[in-house]
Amino acid sequence: MGFLQAFSGALGGTLADQWKDFYGPMPGVPATAAVFPGAPMGVNNGRGANSKGNDNIITNGSKVIVPEGTALVTIQDGAVTNLITQVGGYEFKSDDPNAKSIFTGDGPMEALVKSSWEKFKFGGAPATNQLLFYVNLKEIPNNRFGTQSEIYWDDAFFGTQVGAVTRGTYTLRVIDPILFIKNFVPVRYLISDAEAFDFQDMDNDAAEQLFNEVVGSLSAAFSKYTNDPSMGNRMSKIQGDQIGFAQSLSAAVEEGYQWKTSRGLEIIKTAILSIEYDEDTKALMSDVKKADALSGSRGNAFFQQAAARGMQSAGENGGGANMAFMGMGMNAAGSMMNGMQQPQGPNSYQPNFGGQAGAPNQQAPSQQPVNQQPQAQPQSQGAGQAAVDPTAKLIEMKKLLDAGVITQEEFNKIKFDLLGL
C-alpha cells in the first residue's frame, strides 16, 4: 500500500502531456501557509480511477505530483500513512505489495524523516480513502514578535542587567513534516475539505502559541547572544546579525519548548525592527560610548589637550600665582601638589585664623622689640611659610579641580593638609 514513482526531478510539462487527471497543491496558497490540502489539477474525462474528483481524498490509481519545496503526506484515521519529500510524480496503489510508502530524497532532512517514519508509520491496509496534504518545506516568513514592556537580561559586556522593548519578525522552516503533523497541527486542519494551516491567520490558535513562546524566549535569546564571546559580546550588533541572533533565539526556544525535537520546527532568520532601551540602559550605553571613544591613543591625546586647556584656563583666571602652572605636564603638576603636603611636627606649618602666623606659643614678629633678634628658624621653612597663603592656595586648587587637571580626591587631600585637618 503506497505510492509508485512515475518520474522524479523537474516536473516541466510531463504531467500535462501524459496525465489527464492528477492531484497537486491547492491553488492560491500563501507563502505563510505550512499545511494545505491537495486538489485535482485536471479533468478526468472518464479515464482515471478518481472519477468524483473529491478534494484531498485519493483513491486507488490516483496520480499526484510533489513540487519543489513541499512534502506530500497522506493521513487516514489520524495516522500518517505515506510521506514523500522527493520532487516528482507518483501513482497511488493500495493493492500493490511492492508500492513504496516513503520517498525522502537526499539531504539533511532524510535522516530526520526516516527516523520519524519508523516511529509513526501506519501498520495496516487502509479501509477507507486516504487524505492528501502538502507540507511547506520552504522558509515561512513574516512571523512577528514583540514585547509590550521591557524585557531584561544579564549583559556580559556591561557587566550588569539591561532592558529594552523590542519587536521584529522571524522566518520559520519545517524540518520534520511527520513531527509537525503529528505533534503540532490541530485536527481541524487535517480533515476532508480542511482549510490551509496559515501562520498569519488571526484565528490560528497554534500560531498564536508560537508567538507567545518566542516572546517568552527573547530574554534568554538576548542573554545568549550578548554573553557569547564569538558574537563579540556587543548587543549593538544584534540588529545587523539576523543569522547569529536567529541561532540564539532558536536555541532559547528549543531549551524552553523543544520546537525541533517535538514539533519539527526551526527558526532560520530574524529581523529586529526596533529596540527601545530603558533609561538606565541608555545612560549606560552613553557612558560606554564615551569610554570607547577615549580608549587607546585617541584617549591619551584627548587627555593631554584637556590638561593643557585646564592649565591655560587656570593661568588666565588666577593671575600671576597661577601662571606657574601654564605649560606644565601632568607629572610636573603632580610633583607640585605633592610638595604642598607639609610634614607634620613641632615646627610644621599650622594655619591660624585668629590673625597670628606661626605656632600658638610663638610671638608674632611685629610684637618683638626692635633690638631683639627673632628666634632662629630654618631658612627653607621660613621661606615656605612666607610663601604659603592657605586661602589663595585653596582657590588655586579649586580652579585646577574645575579645569579637570586634578581629581576631587587630590583636591580634598590638599585642602586637609592646608587646613591642618
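1. Phe222 is buried, at 2% relative accessibility; buried stands for under 20% relative accessible area, exposed for over 50%, and partly exposed for what lies in between, with a 1.4 Å probe and protein chains only. The model is a predicted one, in which local features need pLDDT of at least 70 and side-chain atom pairs count only at pLDDT 80 or more, while totals for chains, interfaces and linings use all residues. Residues are numbered from 1 along each chain as its sequence is written, and side-chain values use heavy atoms, with hydrogens and water left out.

2. Phe222 forms an aromatic pair with Phe245, with 5.1 Å centre to centre and 50 degrees between the planes, and the pair is tilted. Rings of Phe, Tyr and Trp (its six-membered ring) are paired if their centres lie within 6.5 Å; planes under 30 degrees apart count as stacked, over 60 as edge-to-face and the rest as tilted. Phe222 is in helix 4 and Phe245 in helix 5, so the pair ties together parts 23 residues apart in sequence. Phe245 is buried as well, with a relative accessible area of 0%. Helices here are DSSP runs of H or I with at least four residues, strands are runs of E with at least two, and both are numbered from the N terminus.

3. The crossing of helix 4 and helix 5 is right-handed, that is, the near helix is turned clockwise from the far one by less than a right angle, with anticlockwise giving left-handed.

4. The residues of helix 4 that meet helix 5 include Glu213, Val214, Ser217, Leu218, Ala221, Phe222 and Tyr225. On the side of helix 5, Phe245, Leu249, Ala252, Val253 and Tyr257 are among them. Contact means heavy atoms within 4.5 Å. By class, the contact of helix 4 with helix 5 has twelve nonpolar, four polar and three charged residues. Ala, Val, Leu, Ile, Met, Phe, Trp, Tyr, Cys and Pro count as nonpolar, Asp, Glu, Lys and Arg as charged, and the others, Gly among them, as polar.

5. Is Ser217 buried or exposed? Ser217, a residue of helix 4, is buried, with a relative accessible area of 4%. Leaving aside residues up to four places away in sequence, Ser217 touches Leu249, Ala252, Val253 and Tyr257.

6. The loop between helix 4 and helix 5 holds Lys237. Lys237 is partly exposed, at 43% relative accessibility. From C-alpha to C-alpha, Lys237 and Tyr225 are 9.5 Å apart in space, and they are twelve residues apart in sequence.

7. The structure has ten aromatic pairs. In one of them, Tyr189 and Phe197 are edge-to-face, with 5.0 Å centre to centre and 90 degrees between the planes.

8. Helix 11 (residues 390-402) and helix 12 (residues 408-419) have axes that come within 10 Å and cross at roughly 180 degrees. That makes the two roughly antiparallel. Among the residues that meet are Leu394, Met397 and Leu401 in helix 11, and Phe411, Ile414 and Leu418 in helix 12. The residues of this contact divide into eight nonpolar, one polar and three charged.

9. Two backbone angles are worth a look. Most residues other than glycine have a negative phi. Asp193 has a positive phi, near 60 degrees; Asp193 is in the loop between helix 3 (177-183) and strand 14 (197-198) and is exposed, with a relative accessible area of 57%. Gln258 has a positive phi near 55 degrees. Gln258 sits in the loop between helix 5 and helix 6 (259-263) and is partly exposed, at 35% relative accessibility.

10. For the chain as a whole, there are twelve helices and 15 strands. Of its 421 residues, 40% are buried. Among contacts with a separation of 6 or more, 69% are between residues 24 or more positions apart.

Conventions:
Axes are lines fitted to C-alpha atoms, for helices over the stretch in contact, and angles run from 0 to 180 degrees between N-to-C directions. Angles under 35 degrees count as roughly parallel, over 145 as roughly antiparallel, 65 to 115 as roughly perpendicular and the rest as oblique.
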